[in-house]
Amino acid sequence: MTYQRIIRKQVISPDGKAIAQATSKVFVSGNGKTKTAQNISITVNSNSSSSSSSSSSSSSSSFS
């Protein structure tokens with residue numbers, strides 16, 4: 001079993017420019033053992049500057 005999901009959200013200003021964008025990627029796989037990985041990236045644009053941040057985590061478990 002493998003499952004992957006990508007979610008992308010944007011905040012748009014009234015003049016049509018993207019102010020912020022967040023992307024979440026989740027990947028789940030396993031057959032008796034489950035491994036989950038999540039990666040989150042956030043980018044914020046303000047006037048002429050840009051700032052970005054990212055975070056990732058993973059976990060694994062087994063079951064019978």
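pLDDT is the predictor's confidence in each residue, from 0 to 100. Keep that in mind, since what you have open is a predicted model.

**Colour by confidence.** The protein's mean pLDDT is 79, with 91% of its residues at 70 or more. Now select strand β1, residues 2-12: confidence is highest there, at a mean of 84. Then jump to strand β4, residues 49-62, where confidence is lowest, at a mean of 78.

Strand β2 covers residues 18-30, runs antiparallel to β1 and is joined to β1 by 11 bridges.

**Slide into the turn.** The hairpin of β1 and β2 has 5 residues between the strands. Is S13 buried or exposed? S13 counts as buried because its relative accessibility is 13%, below the 20% cut-off. Show side chains here and you'll find a polar contact between those of S13 and D15, at 2.2 Å.

**Finish on the surface.** Select V11, I19, I40, I42 and V44 together, and you have a nonpolar patch with about 350 Å² of accessible area in total. Which strand gives the most to the patch? That would be β3, residues 33-46, with 3 residues. Last stop is I19, over in strand β2. I19 has a relative accessible area of 34%, so this residue is partly exposed.

Methods: Residues are numbered from 1 along each chain as its sequence is written. This is a predicted model: local features need pLDDT of at least 70, side-chain atom pairs count only at pLDDT 80 or more; totals for chains, interfaces and linings use all residues. Side-chain values use heavy atoms; hydrogens and water are left out. Helices (H or I, at least four residues) and strands (E, at least two) are DSSP runs, numbered from the N terminus. Two strands pair if DSSP finds at least two bridges between them. Patches are made of residues with over 30% relative accessible area and no salt bridge: like charges are joined within 9 Å, nonpolar side chains (Val, Leu, Ile, Met, Phe, Trp, Tyr) within 5 Å. Accessible areas come from the Shrake-Rupley method with a 1.4 Å probe; for residues, only the protein chains shown count as cover. A salt bridge is a side-chain nitrogen of Lys or Arg within 4 Å of a carboxyl oxygen of Asp or Glu. Buried means under 20% relative accessible area, exposed over 50%, partly exposed in between (1.4 Å probe, protein chains only). A polar contact is a pair of N or O atoms within 3.5 Å; within protein, one must be able to donate a hydrogen and the other to accept it, and residues adjacent in sequence count only if both atoms are side-chain atoms.
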